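Subject: Structure handover

Dear colleague,

Here is the structure you are taking over.

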Amino acid sequence: MTDSLPPGGIVPGTDELTARWADAWRPEQAAERLDGLGAPWCVAAGWAPAAARGRNEQESCRAWN
């Protein structure tokens with residue numbers, strides 16, 4: 001994987017990734033916090049399917065990692 005990194009790119013370790021995502025908004029939190037926003041917004045990437053279904057699939061996603 002490091003062969004395809006751009007100059008100066010890094011591969012973060014598990015602990016760093018966990019720390020970076022520790023305070024990420026869950027889909028329901030995003031909807032709550034962005035309710036009434038005067039601009040369009042969306043949930044993208046891994047949470048999008050869970051948000052569309054209205055349920056938390058984080059545990060089942062971990063099983064695939």
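The notes below go from the overall layout to confidence, then to salt bridges and one cysteine.

Please keep in mind that this is a predicted model.

Layout. The protein has 4 helices and 0 strands, so the order of elements from the N terminus reads α-α-α-α. Of its 65 residues, 6% are buried. The accessible surface is about 5,700 Å², and carbon and sulfur atoms account for 55% of that area.

Confidence. The average pLDDT of the protein is 76, and 65% of the residues reach at least 70. Among the elements, helix α1 has the highest mean pLDDT, at 88. The lowest mean belongs to helix α4, residues 58-64, at 48. Over residues 60-65 the pLDDT stays under 50, and for this stretch the model has 0 contacts beyond four places in sequence. Please read the end of the chain with those values in mind.

Salt bridges. How many salt bridges are there? The count comes to 2.

One of them joins the side chains of Glu 16 and Arg 20, with a distance of 2.5 Å from N to O. Where do these two residues sit relative to each other? Both are in helix α1, which spans residues 14-21. They are 4 residues apart there, and therefore separated by about one helical turn. Glu 16 is partly exposed, at a relative accessible area of 32%. Arg 20, at 53%, is exposed, because the cut-off for that class is over 50%.

The other pairs Glu 28 with Arg 26. Here the closest N and O atoms are 2.9 Å apart, which counts as a salt bridge because the limit is 4 Å. Glu 28 has a relative accessibility of 47% and is partly exposed. Arg 26 is also partly exposed, with a relative accessible area of 25%; neither residue is buried, because that class needs a value under 20%.

The cysteine. Where is Cys 42 placed? Cys 42 lies in the loop that runs between α2 (27-34) and α3 (48-53). Is Cys 42 buried or exposed? Its relative accessible area is 64%, so Cys 42 is exposed. Between the C-alpha atoms of Cys 42 and Ala 30 the distance is 9.1 Å, and these two residues are 12 apart along the chain.

That is what was found.

Regards

Note on methods. Residues are numbered from 1 along each chain as its sequence is written. This is a predicted model: local features need pLDDT of at least 70, side-chain atom pairs count only at pLDDT 80 or more; totals for chains, interfaces and linings use all residues. Side-chain values use heavy atoms; hydrogens and water are left out. Helices (H or I, at least four residues) and strands (E, at least two) are DSSP runs, numbered from the N terminus. Buried means under 20% relative accessible area, exposed over 50%, partly exposed in between (1.4 Å probe, protein chains only). Accessible areas come from the Shrake-Rupley method with a 1.4 Å probe; for residues, only the protein chains shown count as cover. pLDDT is the predictor's confidence in each residue, from 0 to 100. Contact means heavy atoms within 4.5 Å.
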